[in-house]
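Thanks for passing this one along. I have put my notes into numbered points, so please read them with the structure open beside you.

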Amino acid sequence: MIFFNRNQHGQLGTGGHQDETLPAQVPPIRGEKWIDVSLSTSAVGYTAAVTEQGHVYTWGGGSFYRLAHGASFVPMRVLSLEDVTTVFAGDTFTAAVTRT
């Protein structure tokens with residue numbers, strides 16, 4: 001995945017909170033391939049993404065528990081979700097659709 005723009009909450013997943021004026025790659029997760037991504041448009045930005053293996057990763061602003069872990073500048077796996085096909089990053093929540 002490649003992102004650029006404002007990054008004050010780490011929502012771009014590039015490892016920091018500096019704005020990216022040029023496209024920057026989110027470091028790949030070992031053995032995983034991204035298949036879906038959703039970015040929140042709320043004031044506290046965050047991102048949720050799904051891998052081919054059905055794992056969910058979230059990063060960015062972690063208020064309202066929407067990441068299922070604390071704030072993070074890099075993708076962190078949500079261990080309580082498995083077999084996911086798509087995610088949605090809402091203003092104050094994250095939704096996931098599973099295969100079963």
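1. Let me start with the aromatic cluster, which consists of W34, Y57 and W59. Please keep in mind throughout that this is a predicted model. By the ring-pairing rule, the count comes to three aromatic pairs. One of them joins W34 and Y57 in an edge-to-face arrangement, with 5.6 Å centre to centre and 85° between the planes. This pair links distant parts of the chain, since W34 sits in strand β3 and Y57 in strand β5 (residues 56-60), 23 residues apart. Are these two side chains buried or exposed? Both W34 and Y57 are buried.

2. W34 also pairs with W59, and here the geometry is tilted: 5.8 Å centre to centre, with 55° between the planes. With W34 in strand β3 and W59 in strand β5, the pair ties together parts that are 25 residues apart in sequence. W59, like W34, is buried.

3. Next, please have a look at E32, which you will find in the loop between β2 (20-25) and β3 (34-39). E32 is buried and yet has no salt bridge. Which side chain of opposite charge is nearest to E32, and how far away is it? That is R77, at 5.2 Å, whereas a salt bridge would need a side-chain nitrogen within 4 Å of a carboxyl oxygen.

4. What does the side chain of E32 make a polar contact with? Its partner is the side chain of H55, at 2.7 Å. Leaving aside neighbours within four places in sequence, the residues in contact with E32 are T51, Q53, H55 and Y57.

5. My last point concerns A48, which belongs to strand β4 (residues 46-51). Why does A48 count as buried? The reason is its relative accessibility of 0%, because buried means under 20%.

6. The surroundings of A48 are worth a look as well. Setting aside neighbours within four places in sequence, A48 is in contact with D36, V37, S38, Y57, T58, V87 and T94.

Key:
Residues numbered from 1 in each chain as written. Predicted model: local features only at pLDDT ≥ 70, side-chain atom pairs only at ≥ 80, totals over all residues. Heavy atoms only, no water. Helix = DSSP H or I, 4+ residues; strand = E, 2+ residues; numbered from the N terminus. Buried < 20%, exposed > 50% of the residue type's maximum accessible area, 1.4 Å probe, protein only. Lys, Arg positive; Asp, Glu negative; His and termini not counted. Polar contact = N/O pair within 3.5 Å; in protein donor to acceptor, adjacent residues only side chain to side chain. Contact = heavy atoms within 4.5 Å. Phe/Tyr/Trp six-rings, centres within 6.5 Å; stacked < 30°, edge-to-face > 60°.
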